[in-house]
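Please look over the fold and the charged side chains of this protein. A short report is wanted.

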Amino acid sequence: MTIAFLFPGQGSQAVGMGKELAERHTAARQTFDEADDALGYKLSRLCFEGPEDQLRLTEITQPAILTASVAAWRVLKEKGLSPSFVAGHSLGEYSAHVAAGTLSFADAVRTVRNRGKYMQEAVPVGVGAMAAVLGMELEKVTAICGEAAQGEVCDPANINSAEQIVISGNTAAVERAAKLASERGAKRAVMLPVSAPFHCSLMKAAQERLAADLSTLTFQNPAIPVACNVDAALVNDAGASRDALVRQVTGSVKWEQSMRLLIAQGVERFVEVGPGKVLCGLMRQIDRAKPCSNVGDEASLQKTLEQLP
């Protein structure tokens, strides 16, 4: 059976994530210890105990989700489960590259802490915003963004499924676009509680700072193909992997296209590895026929292991 592992991005964090796996599996516990060492503070305590407002800070959220995801992946690996393909949503692409052997975990966890910090610092609080547009096709959303921009930035940022597209840019432009979408037949258009406008050109300063960091790291050729967000294409070499991670900061997350690419490659089953079930929810919107299970705690781990051959 052809399996793909999917790794979640920002928004999947929850206090307590990874705690049960860390208590029951040495591989998971060691992952959290490694993250604490790499970062120089107790990320594990913030994941396991909170407080939630700290866990929501982008520069803590990003390494926290990466660590919880890699911990779950290492437990699956120990159980003998390995995928034919990997992909990750935005931040999750780093988890995917750790699983593919492209990047060391310590390098990845430090990089995403900086990525979170750079993204937060790229735009003053309040200047940028994001909104989710539900039930409107991409062409219409793109046209509305163009109309609402009025000289400001407003772009599709996450193309999650035919049902859900997230837009990003200057606050006023995103508010105008959300209003237009509601008026023109979207099921809903809601402003999102995010601290910065990710995946649009306002993130250019963050992209440049991150590119400098990534250029100093050692990348290996991925041992398994990684479906990258920015092109919805498979990357198989070190240089292309690094380049895709750089361009991803201002580029849109082509999630639906990436999932269709994996289905076309013959993937029969998806496993969401890490906190939450966001990506399994999106898979139901993209292709209901493709089973997707998640692994974030002991119960979901056992359930997934039972379902797989």
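The report below covers the overall build, the salt bridges and a charged surface patch.

## Overall build

This is a predicted model. The protein has 14 helices and ten strands. Its radius of gyration is 18 Å, close to the 19 Å that the globule rule gives for 309 residues, so the protein is as compact as a globular protein of that length.

The C-alpha trace spans about 55 × 45 × 35 Å along its principal axes. Of the 309 residues, 56% count as buried.

## Salt bridges

Side chains of opposite charge can pair when their charged atoms come close. The structure holds 16 salt bridges. One of them joins Glu256 to Arg260, with the closest N and O atoms 3.0 Å apart. Both residues sit in helix H12 (residues 255-264), four residues apart, so about one helical turn separates them. Glu256 is buried at 13% relative accessible area, whereas Arg260 is partly exposed at 41%. Elsewhere, salt bridges with shared partners link Lys117, Glu121 and Arg209 into one network.

Asp36 and Lys42 also pair through their side chains, at 4.0 Å from N to O. Asp36 is buried, with 8% relative accessibility. Lys42 is partly exposed, with 47%. Another bridge links Glu52 and Arg56, whose closest N and O atoms are 3.2 Å apart. Glu52 is partly exposed at 48% relative accessible area.

## Positive surface patch

Lys277, Arg284, Arg288 and Lys303 form a patch of positive charge on the surface. Arg288 lies in the loop between helix H13 (278-286) and strand E10 (292-295). Arg288 is exposed, with a relative accessible area of 66%.

Notes
Residues numbered from 1 in each chain as written. Predicted model: local features only at pLDDT ≥ 70, side-chain atom pairs only at ≥ 80, totals over all residues. Heavy atoms only, no water. Patch = residues over 30% accessible without salt bridge, like charges linked within 9 Å, V, L, I, M, F, W, Y side chains within 5 Å. Areas by Shrake-Rupley, 256 points an atom, 1.4 Å probe, with all protein chains shown as cover. Lys, Arg positive; Asp, Glu negative; His and termini not counted. Charge placed at Lys NZ, Arg CZ, Asp CG, Glu CD. Helix = DSSP H or I, 4+ residues; strand = E, 2+ residues; numbered from the N terminus. Buried < 20%, exposed > 50% of the residue type's maximum accessible area, 1.4 Å probe, protein only. Rg over C-alpha atoms; globule rule 2.2 N^0.38 Å.
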